[in-house]
Amino acid sequence: MATDSHFVDYIIEQSGLGARLTSRKMFGEYALYLDGIVVAFACDNSLFIKPSQAAVLLAPDLPQGPPYPGAKDYPIADELLDDPDALRRLIVETAALMPPPKAKKPGKAGPKKKA
């Protein structure tokens, strides 16, 4: 089941992070980015936070599960949608522990059209 865009909008609203938290649709599901860093996935209308020490320390009791077939287990943070402060803190702390996004290579704007 693909994730509903309204669910993603709700996550962004509940986080209270405004324009800092963005989403990108991928294969019917969504990746969530804080300041350009992937911090979570919305899959099957559930919120999967990237595994990190932040989740271990801030939300150790979250259930675990794979966001898509073949993936490793991620903390499932659906219950934090009712606690915006805890959700925001987990997202911010997770982003702080993730590597920065890779710089795009110059000249890689996509396929060129033939004249």
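How many of the six residues of strand S2 (residues 29-34) are buried? Six of the six are, so S2 is largely enclosed by the rest of the structure. Buried here means under 20% relative accessible area, exposed means over 50%, and partly exposed lies in between (1.4 Å probe, protein chains only).

The model is predicted, so local features need pLDDT of at least 70 and side-chain atom pairs count only at pLDDT 80 or more, while totals for chains, interfaces and linings use all residues. Residues are numbered from 1 along each chain as its sequence is written, and side-chain values use heavy atoms, with hydrogens and water left out.

**Overall layout**

The protein has three helices and six strands, in the order α-β-β-β-β-α-β-β-α from the N terminus on. Helices (H or I, at least four residues) and strands (E, at least two) are DSSP runs, numbered from the N terminus. The C-alpha trace spans about 55 × 30 × 30 Å along its principal axes. Of the 115 residues in the protein, 40% are buried.

Strands count as paired if DSSP finds at least two bridges between them. S2 runs antiparallel to strand S1 (residues 21-26), with six bridges joining the two. S2 is also antiparallel to strand S3 (residues 37-43), through five bridges. S3 in turn pairs with S4 in the antiparallel sense over four bridges.

Individual partners can be followed across these strands. Tyrosine 30 in S2 stands opposite lysine 25, and its bridge partner in S3 is alanine 42. Alanine 42 then stands opposite leucine 47 in S4.

**Hairpin turns**

| Hairpin | Residues between the strands | Residue | Phi |
|---|---|---|---|
| S1 and S2 | two residues | phenylalanine 27 | near 55° |
| S2 and S3 | two residues | aspartate 35 | about 55° |
| S3 and S4 | two residues | aspartate 44 | about 50° |

Phenylalanine 27, in the loop between S1 and S2, is a residue other than glycine with a positive phi. Its relative accessibility is 87%, so phenylalanine 27 counts as exposed. Asparagine 45, in the loop between S3 and S4, is another non-glycine residue with a positive phi, near 55°. Asparagine 45 counts as partly exposed because its relative accessibility is 26%.

Glutamate 29 belongs to strand S2 and is buried, at 15% relative accessibility. Its side chain makes a polar contact of 2.3 Å with the side chain of threonine 3. A polar contact is a pair of N or O atoms within 3.5 Å; within protein, one must be able to donate a hydrogen and the other to accept it, and residues adjacent in sequence count only if both atoms are side-chain atoms. Glutamate 29 and valine 8 are 21 residues apart in sequence, and their C-alpha atoms are 9.5 Å apart in space.

Serine 52 is buried, with a relative accessible area of 14%, and its side chain reaches the backbone nitrogen of alanine 54 at 3.2 Å.

Helix H1 (residues 5-15) has the buried residues Phe7, Val8, Ile11, Ile12, Gln14 and Ser15. They lie on the same side of H1 because they cover an arc of only 165° around the axis, the arc being that of the directions from the helix axis to the C-beta atoms. His6 and Glu13 are exposed on the face of H1 turned away from this buried side.

Leucine 57, in helix H2 (residues 53-58), is exposed, with a relative accessible area of 62%. Val56, Leu57 and Leu58 form a nonpolar patch on the surface, with about 280 Å² of accessible area together. Patches are made of residues with over 30% relative accessible area and no salt bridge, where like charges are joined within 9 Å and nonpolar side chains (Val, Leu, Ile, Met, Phe, Trp, Tyr) within 5 Å. A salt bridge is a side-chain nitrogen of Lys or Arg within 4 Å of a carboxyl oxygen of Asp or Glu. Accessible areas come from the Shrake-Rupley method with a 1.4 Å probe, and for residues only the protein chains shown count as cover.
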